[in-house]
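Morning, everyone. Please have a look at it first.

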Amino acid sequence: MTFKSSDVYDNRRYYEIAFSFRDISQEVDLFEECFHRYSRIPVRRVLDLGCGPCPHLEELARRCYEYMGLDISEVMLASARQKAETLRIEATFIRAEMSTFTPEKPVDFAFTLLGSLYAETTAELLSHFATVAAALNPGGLYLLDGCISFRWTDPAGEDESWSIERGGEDRGKISPGGSDRSSRSDL
Ligand SMILES: C[S@@+](CC[C@H](N)C(=O)[O-])C[C@H]1O[C@@H](n2cnc3c(N)ncnc32)[C@H](O)[C@@H]1O
């Protein structure tokens, strides 16, 4: 079956299978390498923008960082809150748009991973950077791994996709365009 990537966001089980190729501990190692190299302040409070099911929560808490997650999707936030509760980790979650939010407390480090910045205009991109800058303590750091590429001249032409399975029973092809819409009912 083929999923549109946005469909996967509403299903934690499939989401976790789709992105299970990641090494979260190594990603957090990279964060810390960036702190050491580039941050002008000690990092204690971190903000995960477009946090989804917060895959970094456990590893960050294990390394004693205070975690805040922000997402626009209530489904994703419910799943993130449930994970924090199960792991007994104190964390803050905010439902907000990542280009216009105001956190309750400023943070030392903000990150947006998996190309989760979906800014479609220059104004939106600039608003995002200004919003993140305002959320950071002076000398703090923002890590952005990439942006979604919109093929605005050919929206149907998105061709990035991958297939992944776990234990032979959960199997699917992930595609931003979700070209095979007919198989969605198999979900
Ligand atoms: C690809 S997932 C990434 C989740 C997580 N950061 C990770 O590394 O696995 C993208 C997330 O961004 C959220 N999102 C998309 N647009 C957003 C926006 N404008 N503001 C806040 N969150 C957004 C989606 O709801 C989804 O949970």
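Which strands does α6 lie across? α6 lies across β2, β5 and β6. Its direction runs at about 135° to β6. Before I go on, remember that this is a predicted model.

Now the sheet itself. It is open, and five strands form it. Read the order as β4-β3-β2-β5-β6, with parallel pairing. β4 and β6, residues 136-144, are the edge strands, each pairing on one side only. On average, neighbouring strands are turned by 20° against each other, direction ignored.

Zoom in on one pair of strands. β2 and β3 run parallel, joined by five bridges. Here Leu49 stands opposite Leu70 in β3.

Next, the core. How many residues are in the largest nonpolar core? There are 26, and Val46, Leu47, Tyr67, Val107 and Ala110 touch the most other members. At least two residues each come from β2, α4, β3, α5, β4, β5 and α6. β5 gives the most, with four residues. Take Ala110 as an example. Leaving out residues up to four places away in sequence, Ala110 touches Leu47, Leu49, Val132, Ala135, Leu136 and Tyr142.

On to the loops. Leu113 sits in the one between β5, residues 107-112, and α6, residues 122-135. Is Leu113 buried or exposed? Leu113 counts as buried, because 21 C-beta neighbours lie inside 10 Å. Leu113 and Cys51 are 62 residues apart in sequence, yet 8.2 Å apart in space, C-alpha to C-alpha.

Two other loop residues deserve a look. Most residues other than glycine have a negative phi. Cys64 is not a glycine, but its phi is positive, about 70°. Cys64 lies in the loop between α4 and β3. Cys64 counts as exposed because it has 7 C-beta neighbours inside 10 Å. Arg88 also is not a glycine and has a positive phi, about 55°. Its loop is the one between α5 and β4. Arg88 has 7 other C-beta atoms within 10 Å, so it is exposed.

Last stop, the ligand. Which residues come nearest to the ligand? Of the 16 around it, they are Gly50, Gly52, Ile72, Ser73 and Met98. By class, the shell has 10 nonpolar, four polar and two charged residues.

That is the tour. Thank you.

Conventions
Residues are numbered from 1 along each chain as its sequence is written. This is a predicted model: local features need pLDDT of at least 70, side-chain atom pairs count only at pLDDT 80 or more; totals for chains, interfaces and linings use all residues. A residue is near a molecule or strand if its C-beta atom, placed from the backbone, lies within 6 Å of it. Ala, Val, Leu, Ile, Met, Phe, Trp, Tyr, Cys and Pro count as nonpolar, Asp, Glu, Lys and Arg as charged, and the others, Gly among them, as polar. A residue is buried if 20 or more other C-beta atoms lie within 10 Å of its own, exposed if 12 or fewer, and partly exposed in between; C-beta atoms are placed from the backbone. A nonpolar core is a set of buried Ala, Val, Leu, Ile, Met, Phe, Trp, Tyr and Cys residues joined through C-beta atoms within 7 Å. Two residues are in contact if their C-beta atoms, placed from the backbone, lie within 7 Å. Two strands pair if DSSP finds at least two bridges between them. Axes are lines fitted to C-alpha atoms, for helices over the stretch in contact, and angles run from 0 to 180 degrees between N-to-C directions.
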